Each structure stands twice: as structure tokens, then as C-alpha cells.
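Colleague: I am new to reading models like this one. Could you take me through a few features, one at a time?

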Amino acid sequence: ALARTVSGARNYLVVGGIIYLVLFVYGLLVGQESAANFVPVNTADDVLHLVLGLGMIGLGVALTRRRAAERATA
């Protein structure tokens with residue numbers, strides 16, 4: 001549904017990336033055997049969340065810049 005507009009797709013990527021980065025930090029701070037680990041995360045999950053978060057935010061920002069540059073030259 002958010003892919004219908006450029007701003008919706010960008011917001012999806014950026015907000016989703018932020019959520020993945022929050023999960024990454026959560027995985028670093030909460031021990032795997034802790035009762036606070038209600039989201040079962042391990043080291044592989046932490047790496048995956050970091051890569052996905054940075055990738056999604058990077059794509060959201062990069063695609064927005066290209067779109068803004070196209071409008072500036074038109």
C-alpha cells in the first residue's frame with residue numbers, strides 16, 4: 001500500500017530501517033538467556049538487523065536524493 005507513492009515508499013524504508021536498528025541495539029543490550037529477551041534474538045539476528053536497517057535507511061535516502069535531483073533539473 002505504501003508503494004503507491006514515492007514518499008510512502010521512502011517512509012516505509014526509513015521507518016522500517018529504524019525499527020531494525022532498534023532491534024539491533026536491543027539484541028546487543030539484552031542477554032540471550034535473560035527474561036527480558038521476549039524477542040528471541042541471537043548474534044546472527046543482530047547482524048541481520050544491522051544490515052537490513054542500514055540498507056533500508058540507505059535506500060530510502062538515496063532514492064529520495066535522486067528524485068529531488070530530477071525535479072531540480074526539470
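Colleague: Is Ile18 buried, partly exposed or exposed, and how do I tell?

Modeller: This is a predicted model. Buried means under 20% relative accessible area, and exposed means over 50%. Ile18 has a relative accessible area of 45%, so it is partly exposed. Ile18 sits in helix 1.

Colleague: How far is Ile18 from Leu50, going by C-alpha atoms?

Modeller: Their C-alpha atoms are separated by 9.8 Å. Along the chain, the two are 32 residues apart.

Colleague: What share of the chain's contacts with a separation of 6 or more joins residues 24 or more positions apart?

Modeller: Such pairs account for 56% of those contacts. The chain has 2 helices and 0 strands.

Colleague: How do I check the span of helix 1?

Modeller: Count 1.5 Å a residue, for one residue less than the helix has. Helix 1 covers residues 6-29, which is 24 residues, so it should span 34 Å. Its end C-alpha atoms are 35 Å apart, which agrees.

Colleague: Which residues of helix 1 are buried?

Modeller: First, the general idea. An α-helix has 3.6 residues a turn, so residues three or four places apart point the same way. Now this case. The buried residues of helix 1 are Gly8, Leu13, Gly16, Gly17, Phe24, Tyr26 and Gly27. Over the chain, buried residues make up 20% of the 74 residues.

Colleague: Now helix 2. Is His49 buried or exposed?

Modeller: His49 is in helix 2. Its relative accessibility is 10%, so it counts as buried. Skip neighbours within four places in sequence, and His49 is in contact with Tyr20, Leu21, Leu23, Phe24 and Val41.

Colleague: Asp46 carries a charge. What is its nearest side chain of opposite charge?

Modeller: It is Arg10, 27 Å away. Asp46 is buried yet has no salt bridge. Asp46 belongs to helix 2, residues 43-73.

Colleague: Which residues does Asp46 contact, beyond its neighbours within four places in sequence?

Modeller: They are Leu23, Phe24, Gly27, Leu28 and Val41. Look back at two of them: Phe24 and Gly27 are among the buried residues of helix 1.

Key
Residues are numbered from 1 along each chain as its sequence is written. This is a predicted model: local features need pLDDT of at least 70, side-chain atom pairs count only at pLDDT 80 or more; totals for chains, interfaces and linings use all residues. Side-chain values use heavy atoms; hydrogens and water are left out. Helices (H or I, at least four residues) and strands (E, at least two) are DSSP runs, numbered from the N terminus. Buried means under 20% relative accessible area, exposed over 50%, partly exposed in between (1.4 Å probe, protein chains only). Contact means heavy atoms within 4.5 Å. Lys and Arg count as positive and Asp and Glu as negative; His and the chain ends are not counted. A salt bridge is a side-chain nitrogen of Lys or Arg within 4 Å of a carboxyl oxygen of Asp or Glu.
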